[in-house]
Amino acid sequence: MLTTQFLKSRTSTRDFKDIKLDEGTLEKVYKMVDEEIVKLGKDDLAFIVQSDGESVYKALDGLAGYRGVMIKAPAYLALNTLNDNPASLVKGAYGVEELITKLNALGLGTCWITVSDVDPEVKKSIFNYDGGHLNLLLAVGYPVDESVREHQFDDRLGIGEFVYMDRLGNSATNEDLEQRGLEDIFAYARFAPSAYNAQPWRFVVVDDLINLYIKDYKGDVNLLDAGIIMYYIDKLGESISMGSNWEIEPKINNDEYVYIASKRL
Ligand SMILES: Cc1cc2nc3c(=O)[nH]c(=O)nc-3n(C[C@H](O)[C@H](O)[C@H](O)COP(=O)(O)O)c2cc1C
């Protein structure tokens, strides 16, 4: 499937079949998680796979998820950041989104679950870790509805609402982006998941640089949103051989727009 089509049909799964992940699938999941953490940096991040979904669900129901509505799944993947560097969280979210691509290839659906309000001691007892912070959870399992769903456009920002030229607030037009070969990339990147579907990412294209900001920064959850959309931009950029890496240097402050990272075209 074309990358664009694939990312367009990538939607959150909230209803999972009541079937455990079989041994063969679990082995593949462990392997891909191990490979990903080597890429991301073992000093900064760790992944924890919990294949006893039932116990995680019971322990977190009423505590995790939007307004305590926990998503029931046969397995969960947790991301543990081992330091307080905001860049680690951005990188971790990027890595999880990359893992989702591989999990989807195994026929598994996923949904991100907010765990920021859960007491760290509760999280520690469920996931058996000592240090660091457990900032996100991914529900993993076989979707009840296996049909490929396409996103509706009506719950996503228009390109000019989140892509700017030269300076913040100066909306990019389709022509601006077409000239630079970026129109399709942003047209599809807006389907990236974000907490509460808030789509807080804002891009400023300056010459051959793409700068990423978060509007009305609300904390760690937006660093996850940032890492996710960076993955989408990279994946979509492969079609125009945009191979550069993101320079991740979040500058957290109280400004309306918080700078996160930039990337050369
Ligand atoms: C950091 C993050 C946290 C999220 N937390 C939850 C959650 O707790 N519960 C939930 O149902 N969906 C959660 N989501 C899923 C988003 O609501 C969903 O991605 C968004 O509404 C867009 O829908 P889509 O993924 O189907 O395109 C989360 C997404 C992100 C990126």
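1. Two elements, β3 and α9 (220–237), each supply at least two residues of the shell around the ligand. Helices (H or I, at least four residues) and strands (E, at least two) are DSSP runs, numbered from the N terminus. The shell holds 20 residues, of which T11, S12, W112, P193 and N197 come nearest; a residue is near a molecule if its C-beta atom, placed from the backbone, lies within 6 Å of it. By class there are 11 nonpolar, seven polar and two charged residues. Here Ala, Val, Leu, Ile, Met, Phe, Trp, Tyr, Cys and Pro count as nonpolar, Asp, Glu, Lys and Arg as charged, and the others, Gly among them, as polar.

2. This is a predicted model: local features need pLDDT of at least 70 and side-chain atom pairs count only at pLDDT 80 or more, while totals for chains, interfaces and linings use all residues. Residue numbers start from 1 along each chain as its sequence is written.

3. β3 also belongs to an open sheet of four strands, in the order β1-β2-β4-β3, with antiparallel pairing. Strands pair if DSSP finds at least two bridges between them. Because β1 (45–50) and β3 (109–114) stand at the edges with a single partner strand each, one side of each has no neighbour in the sheet. On average, neighbouring strands here are turned by 25° against each other, direction ignored; the axes are lines fitted to C-alpha atoms.

4. The partner of β3 is β4 (residues 133–141), joined to β3 by six bridges and running antiparallel. Within this pair, G109 stands opposite G141.

5. β6 and β7 form a hairpin with two residues between them. D207, in the turn, has a positive phi of about 50°.

6. E249 lies in the loop between β8 (247–248) and β9 (257–264). E249 counts as exposed because it has 12 C-beta neighbours inside 10 Å. Beyond its neighbours within four places in sequence, E249 is in contact with A87 and A261 (C-beta atoms, placed from the backbone, within 7 Å). The C-alpha atoms of E249 and Y259 are 7.7 Å apart, for a separation of 10 residues in sequence.

Note on methods
Buried ≥ 20, exposed ≤ 12 C-beta atoms within 10 Å, placed from the backbone. Contact = placed C-beta atoms within 7 Å. Axes fitted to C-alpha atoms, helices over the stretch in contact; angles between N-to-C directions.
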